[in-house]
Amino acid sequence: MSRTTPAKVPAKAKAKPPAKPVVAEKIDTSYLEGLIGYNARRAALAVIEIFLQRMKVYKLRPVDFSVLSLITHNPGITSRQLCTTLGILPPNLVGMVNALEKRGLIERQPHPRDGRAVGLHLSASGTKLMRDAEKTAAELEAQAAARLSPSETKTLIRLLQKIYL
């Protein structure tokens, strides 16, 4: 016959006092501040917040403004060209163009060289709206870049473009 020894039951462990919660007195953002995306996003959020407020009077979102600005400076631009330039998917642009046309801001005209394509043009009211909206955007940009010299502003834009172009 074999004898089995009963398993030892551990003695009741002494309860440790709860650890004191750690409190961050000074927030360390050094890692995030070393990231291009973090800094670009923070800068964009600061500008976009003001942009949204100022463009509310024109009922323009940033993407609407971009589309209308491209049409302003490139009369006859096609939807395909807009999609390529702004990185917008065609189904998303269709609704946007329809809404801008419904507001009377743009008009579709036959493309002079491509019978299948349609060129987009500003209407008279679209031209007036964009004249005012681009003036507002220029004022906003000046305010956003107020702490930068003209040379620094130009360098910042060039460096950002090197990332996405």
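**Ground rules**

I am working with a predicted model, where local features need pLDDT of at least 70, side-chain atom pairs count only at pLDDT 80 or more, and totals for chains, interfaces and linings use all residues. I number residues from 1 along each chain as its sequence is written, and side-chain values use heavy atoms, with hydrogens and water left out.

**α3 against α6**

I noted the spans: α3 covers residues 62-73 and α6 covers residues 124-144. A packed pair of helices gets described by the angle between the axes and the distance between them. Here I have an angle of about 115° and axes 11 Å apart. The axes are lines fitted to C-alpha atoms, for helices over the stretch in contact, and the angle runs from 0 to 180 degrees between N-to-C directions.

Which residues meet there? From α3 I listed F65, L68, S69, T72 and H73, and from α6 L129, M130, A133, E134 and A137. Contact means heavy atoms within 4.5 Å.

I found R54 in helix α2, residues 36-55. Leaving out residues up to four places away in sequence, R54 touches T136, E139, L140 and Q143. R54 and A133 are 79 residues apart in sequence, yet I get 8.7 Å between their C-alpha atoms. R54 counts as partly exposed because its relative accessible area is 31%. My cut-offs are under 20% for buried, over 50% for exposed, and partly exposed in between (1.4 Å probe, protein chains only).

**Salt bridges**

How many salt bridges does the structure hold? I have 4. Each is a side-chain nitrogen of Lys or Arg within 4 Å of a carboxyl oxygen of Asp or Glu. Side chains of opposite charge can pair when their charged atoms come close.

- D64 and R61 meet through their side chains at 2.9 Å, N to O. D64 is buried because its relative accessible area is 7%, while R61, at 46%, is partly exposed.
- R108 and E101 also form a salt bridge, at 2.9 Å, N to O. I have R108 as partly exposed at 37%, and E101 as partly exposed at 33%.
- D132 pairs with K128, with the closest N and O atoms 2.8 Å apart. Both lie in helix α6, 4 residues apart, which is about one turn of the helix. D132 is partly exposed at 28%, and K128 is partly exposed at 46%.

**Nonpolar patch**

Which residues make the nonpolar surface patch? I got I36, L148, L156, L160, I163, Y164 and L165, for about 750 Å². A patch takes residues with over 30% relative accessible area and no salt bridge, joining like charges within 9 Å and nonpolar side chains (Val, Leu, Ile, Met, Phe, Trp, Tyr) within 5 Å. The areas come from the Shrake-Rupley method with a 1.4 Å probe, and for residues only the protein chains shown count as cover.

Helix α7, residues 150-164, gives the most to the patch, with 4 residues. I163 sits in α7, and I put I163 down as exposed because its relative accessibility is 54%.

**Loops**

- L35 is in the loop between α1 (30-33) and α2. L35 is partly exposed at 32%. L35 and R103 are 68 residues apart in sequence, and their C-alpha atoms are 41 Å apart.
- K59 is in the loop between α2 and α3. I flagged K59 for a positive phi of about 55°, although it is not a glycine. K59 is exposed at 63%.
- S123 is in the loop between β2 (118-122) and α6. Is S123 buried or exposed? I have S123 as buried because its relative accessible area is 8%. S123 touches G104, L105, I106 and E107, not counting residues up to four places away in sequence. V22 is 101 residues from S123 along the chain, and I get 61 Å between their C-alpha atoms.

Note on methods:
Helices (H or I, at least four residues) and strands (E, at least two) are DSSP runs, numbered from the N terminus.
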